[in-house]
Amino acid sequence: MPGGLVALLDDVSIIARTAAASVDDIAAAAGRAGSKTAGVVIDDAAVTPSYVTGLSPARELPIIWTITKGSFKNKLLILLPGALLLSEFLPAAIVFILMLGGCYLSYEGAEKVIEKLGGAKHGKTLDDEITDPVAFEKQRIAGAIRTDLILSAEIMAITLNEVAAEDLITRAGVLAIVGLAVTVGVYGVVGLIVKMDDIGLHFAEKESAFAQSFGRGLVAFMPKLLIALSFIGTIAMLWVGGGIILHGLAELGVAGPEHWIEGIQHGVSEIAGRAGGILGWLTFAGLSALTGLILGAVIVFVLHKVLRLGHDETEGAEAH
């Protein structure tokens, strides 16, 4: 019996060490993968505030919370198991799914640009009279969750690519950690951004002259910040969408467009000297966004002018 007990304890210690090593592997892989998704995370944080801009302040946090729950479902219930299944049984399909997402983001971004330039609007916007606020809010939440699904798919795909050589358990753990961390981080920041004006009002009511000045300045600054974030969000959609398409084409053997843009990026980096890194990156991002804009404009034309989808603005159009 003592010998059996010692053997059992030895087995338990081996299992414990293996589990600890597995946790360490997951944490290390999650750290590597998380750093690779930083660009898409920034895009997500920039896009989301636009979905509550102009709505009732009392509804801002409830809307953000609803979108957050939708994001958790996107990542943990849809994308995580889907990514694991695809990586196990049909890895070649991942690039096509990502490219569909890239087309959607390019379409969304291009449609917003065309509308800003005076093109026909499709669906209710904040410039229109909202006759049914509840339905309008639901449309905006649904649009935010759809956009989150695309951006989350890119995050999960980048993460999966970083841990492709790991075992199934490690891949699942890393995807879950990155998904949870990104969602909490992004929507925590978004919640803070949309309530900054309330924080400013709170400071403006303080007795301290400095606090009052700070509060009034914050209140005055927030509309400008939200407008800037809306602009950044549109550019981000085009940048990420175009980048997905370029990389997807390269994965499918059509590497010319991506290599051409990378060549321009390297040329700018060499000419710019010390500022080469950031200017080269901006060049690549800008040309990726231009790719997304051109592709998105073609999709907008086909959907709205050729197929006439969304032509009747009063029926089932998506909010922007």
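Me: What makes up the fold, helices or strands?
Reply: The protein has 10 helices and zero strands. Read along the sequence, the pattern is α-α-α-α-α-α-α-α-α-α.

Me: How do you know how far to trust the predicted model?
Reply: Look at pLDDT, the predictor's confidence in each residue, from 0 to 100. The protein averages 77, and 75% of the residues score at least 70.

Me: What makes residues 8–23 a stretch to treat with care?
Reply: Their pLDDT stays under 50. The model also gives residues 8–23 zero contacts beyond four places in sequence. Where pLDDT is low, the predicted coordinates should not be read in detail.

Me: What about residues 312–320?
Reply: Their pLDDT is below 50. Beyond near neighbours in sequence, however, residues 312–320 have 24 contacts in the model.

Me: How much of the chain counts as buried?
Reply: Of the 320 residues, 38% do. The accessible surface comes to about 17,000 Å². Carbon and sulfur atoms hold 70% of that surface.

Me: What share of the contacts comes from residues 24 or more positions apart?
Reply: They account for 78% of the contacts with a separation of 6 or more.

Me: Why is leucine 79 called buried?
Reply: The cut-off is under 20% relative accessible area. Leucine 79 has 15%, so it is buried. Leucine 79 lies in helix 3.

Me: Which residues does leucine 79 touch, leaving aside neighbours within four places in sequence?
Reply: Leucine 79 is in contact with Asn74, Leu149, Ser152, Ala153 and Met156. Take alanine 153: it is 74 residues from leucine 79 along the chain, yet their C-alpha atoms are separated by 6.5 Å.

Me: Why does asparagine 74 count as buried?
Reply: Its relative accessibility is 5%. Buried means under 20%. Therefore asparagine 74 counts as buried. Asparagine 74 is found in helix 3. Its contacts, beyond four places in sequence, are Leu79, Ile145, Asp148 and Leu149.

Me: How do you know that helix 3 and helix 5 meet?
Reply: Residues of the two helices are in contact. In helix 3 they include Ile63, Ile67, Gly70, Asn74, Leu79 and Ala83. In helix 5 they include Ile141, Ile145, Leu149, Ala153 and Met156. By class, this contact has 12 nonpolar, six polar and four charged residues.

Me: How do the axes of helix 3 and helix 5 run?
Reply: Helix 3 covers residues 57–89, and helix 5 covers residues 133–162. Their axes come within 8 Å and cross at roughly 40 degrees. Helix 3 passes helix 5 in a right-handed crossing.

Me: Which residues of helix 4 meet helix 5?
Reply: They are Ile94, Leu98, Gly101, Tyr104, Leu105 and Glu108. On the helix 5 side, Ile150, Ala153, Glu154 and Ala157 are among them. This contact has nine nonpolar, two polar and three charged residues. The axes of helix 4 (residues 94–116) and helix 5 come within 10 Å and cross at roughly 140 degrees. The crossing is left-handed.

Me: Why is glycine 101 called buried?
Reply: Set its value against the cut-off of under 20%. Glycine 101 has a relative accessible area of 9%, so it is buried. Its place is in helix 4. Glycine 101 and glutamate 154 are 53 residues apart in sequence and 8.2 Å apart in space, C-alpha to C-alpha.

Me: At what angle does helix 4 pack with helix 8?
Reply: The angle is about 150 degrees, with the axes 7 Å apart. Helix 8 covers residues 209–251. Helix 4 passes helix 8 in a left-handed crossing.

Me: What makes up the contact of helix 4 with helix 8?
Reply: Its residues divide into 13 nonpolar, seven polar and three charged. Helix 4 brings Val95, Met99, Gly102, Cys103 and Ser106, among others. Helix 8 brings residues including Met237, Leu238, Gly241, Ile245 and Gly248.

Technical notes: Residues numbered from 1 in each chain as written. Predicted model: local features only at pLDDT ≥ 70, side-chain atom pairs only at ≥ 80, totals over all residues. Heavy atoms only, no water. Axes fitted to C-alpha atoms, helices over the stretch in contact; angles between N-to-C directions. Helix = DSSP H or I, 4+ residues; strand = E, 2+ residues; numbered from the N terminus. Left-handed = near helix turned anticlockwise from the far one by under 90°. Contact = heavy atoms within 4.5 Å. Nonpolar A, V, L, I, M, F, W, Y, C, P; charged D, E, K, R; others polar. Buried < 20%, exposed > 50% of the residue type's maximum accessible area, 1.4 Å probe, protein only. Areas by Shrake-Rupley, 256 points an atom, 1.4 Å probe, with all protein chains shown as cover.
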